[in-house]
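Try each task before you read its solution.

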Amino acid sequence: MLKNNLEEVRRNMEAAAVRCGRNIDEVTLIAVSKTKPVEMIKEVYDLGVRDFGENKVQELVDKYDRLPHDIRWHLIGHLQTNKVKYIIDKAYLIHSVDSLKLAKEISKEAGKRGICANVLIEVNAAGEESKYGFSPDEVVDAVQEIAKLPSIYIKGLMTVAPYVAVSEENRQFFVKIRQLTVDIMQKNIDNVSMDFISMGMSGDYEVAIEEGATYIRVGTSIFGERNYNIK
Ligand SMILES: *Cc1c(COP(=O)(O)O)cnc(C)c1O
């Protein structure tokens, strides 16, 4: 099942890239493995995937210890400041920097270990009440502030688009994020690159690729539906 699912996602990714004249090598698939057991993750790993996404610190840390260390773990969920210390040396990329306070804590903990943390700045593109992230209006200022911190590199932007039945409805938000990366790049801020755009999930990753995503985060279409009651 996992093999077929993964093959289908890869085919769809390629087709989307071809449609918009992009090279598929520019797009990295993150398999979102939250709530899924290590056995399933290992199976997907054996099919060649090395990027996995988790939204909870404890779960990421548990899985980190039990799985091969060439996995790149992406923290994609809201991160509480008091938990930064547990993942700072385990997360390859933190996608969900949604406040200056969190960025300061990440920089502090990275500094203690003599490393620099790679992060993306989360944007609440649709302005949904239930979502984290800076509003599109705030994000340029936020990037300028966060860039001043000593042990943090901003590598791009991330967004979680609304849950919609028709993926086309999210195109406007992906376009917006892409435009914001261009605006930020033009400012030439030290310690800031816009190499990565993390957008697109099971329902809308093809549209996201068409609009410039470099990371797509796909859970359900690879691993199947999640059951939050069993672990
Ligand atoms: C769960 C999650 C995903 C994956 O969602 P699917 O719809 O299962 O593909 C992607 N991004 C974030 C931030 C998530 O929390």
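## Pockets and the ligand

In this predicted model, the lining of the second largest pocket splits into six charged, five nonpolar and two polar residues.

**Exercise 1.** Describe the second largest pocket: what is its volume, and which residues lie closest to its centre?

*Solution.* Start with the space: the volume comes to about 280 Å³. Next, go to the lining, which has 13 residues, with R10, M13, V27, T28 and L29 closest to the centre. Then sort by element: α1 (2-19) and β1 (28-32) are the ones that give two or more residues each. Of these, α1 supplies the largest share, three residues.

**Exercise 2.** Find the pocket that holds the ligand and describe its lining.

*Solution.* Sorted by class, you get eleven nonpolar, ten polar and seven charged residues.

**Exercise 3.** Work out which residues have polar atoms close to oxygen atoms of the ligand, using a 3.5 Å cut-off.

*Solution.* Begin with the shell around the ligand, which includes V32, I76, R217 and V218. By class, that shell has five nonpolar, three polar and three charged residues. Now check distances to ligand oxygen atoms. A side-chain N or O atom of T220 is 2.5 Å away, a polar side-chain atom of K34 is at 2.6 Å, and a backbone N or O atom of G219 is at 2.8 Å. Finally, look at burial: the ligand alone exposes 390 Å², and the protein buries 88% of that.

Definitions and conventions. Residues numbered from 1 in each chain as written. Predicted model: local features only at pLDDT ≥ 70, side-chain atom pairs only at ≥ 80, totals over all residues. Heavy atoms only, no water. Near = heavy atom within 4 Å. Polar contact = N/O pair within 3.5 Å; in protein donor to acceptor, adjacent residues only side chain to side chain. Areas by Shrake-Rupley, 256 points an atom, 1.4 Å probe, with all protein chains shown as cover. Nonpolar A, V, L, I, M, F, W, Y, C, P; charged D, E, K, R; others polar. 1 Å grid on protein atoms, 1.4 Å probe; cavity = no way out; pocket = protein on both sides within 12 Å on 5 of 7 lines; lining within 4 Å. Points joined across faces, edges and corners; volume = space filled by probe spheres on them. Helix = DSSP H or I, 4+ residues; strand = E, 2+ residues; numbered from the N terminus.
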